[in-house]
Amino acid sequence: AAMPAPTIVLPVNVSITPATIEVIAAVLPVIVDTPTLPGSLLTADGQLEYGDPAILLGTGSAFRIKDVRGWNSASNIDNGNTPRQRRHGHRRGSKYAQQRIVSVELMLDAIDDPPTVADLYAALELATPILEDGDEVPLVIRLYNGQTRLAYGALIERDLPNDKDYNAGAGKVGLQFACSDALLYSIDAQTAVINPNSTVHAVNAGNARMRPLIRVSGGCTDPQVINVTTGRRLAFGIVLAGTDFITIDCNAGTARLNDTTSVLAGLSAASVPSPEAYWLAPGDNQLTFTCTAPGVGARLDYVYRHSYL
């Protein structure tokens, strides 16, 4: 690329005309920052991965897992039963879990090199910041027999004691995480693609209801996704052009046209009142996608994970 010869005027009123400058333009390589999938650092039983970017604790690291509490537990269940009037017993009510609190006790393995303890503590502090804005990041634990499950949470306690064990390179470390969503999920996401006016089966191998992520692509009119097994449907009185799509996050309770404008007002009378009221039941689910005037690109993409409580 050739640049024209500019004329530079200095404050002393002296004009300097430099020669033409030749610039060689080079195309820099494109760097793609691919997000790390939850659990990708785990290679053995007895490991924990937390954060984004993630830190690996447990087998193969200087922090060995000694105890995990609250991971496989089903505790803190709100019992909606209410007393009956002038009768024995209670009236049945809903049962919903509160947030999941996960406590992890680690054993520092630096007996052979105690002076490294301070650096290990510092690295753990950097990798477990306090998330002030309410964000939650992946928390993945692989127990024995390769069982690996995923939650989303944030650190609420970090105990790094400075005692005699610390000085010997064998200190105990305590971490506690709060997960606003009490469910645990499978690492691998399951997908189902449904063509207009057809049916597929999706299996939730867990024991809890799962609220999926759904994308409806146009063109089509009045799209509906029906879970025949549960009898629940998401139905929109809306027209999608060939380039339009709706992204429905049933866990967050949102539905957006082209990832920008909310279309919750377009839910029809036949629909559940909110995406949060639509779910996959444990076991097999028969799913149907219906619409009118389907175009060439019309389809429904269904993404979910097995869910456990």
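**Close-up views of the predicted model**

**View 1. The largest nonpolar core.** Ile214, Leu234 and Tyr302 touch the most other members of the largest nonpolar core, which has 36 residues (a nonpolar core is a set of buried Ala, Val, Leu, Ile, Met, Phe, Trp, Tyr and Cys residues joined through side-chain atoms within 4.5 Å; buried means under 20% relative accessible area, exposed over 50%, partly exposed in between, with a 1.4 Å probe and protein chains only). Strands that each supply at least two residues of this core include E15 (190–194), E18 (220–227) and E24 (283–292) (strands, E, at least two residues, and helices, H or I, at least four, are DSSP runs numbered from the N terminus). Apart from this core lies another, of 29 residues, among them Phe63 and Leu155.

The model is predicted: local features need pLDDT of at least 70 and side-chain atom pairs count only at pLDDT 80 or more, while totals for chains, interfaces and linings use all residues. Residues are numbered from 1 along each chain as its sequence is written, and side-chain values use heavy atoms, leaving out hydrogens and water.

**View 2. Salt bridge between Arg142 and Asp45.** The closest N and O atoms are 2.9 Å apart (a salt bridge is a side-chain nitrogen of Lys or Arg within 4 Å of a carboxyl oxygen of Asp or Glu). Arg142 is in strand E11 (residues 137–142) and Asp45 in the loop between strands E2 (15–16) and E3 (47–51), 97 residues apart. Asp45 is partly exposed, at 24% relative accessibility.

**View 3. Salt bridge between Lys66 and Glu105.** The N to O distance is 3.7 Å. Lys66 lies in strand E5 and Glu105 in strand E10, so the pair ties together parts 39 residues apart in sequence.
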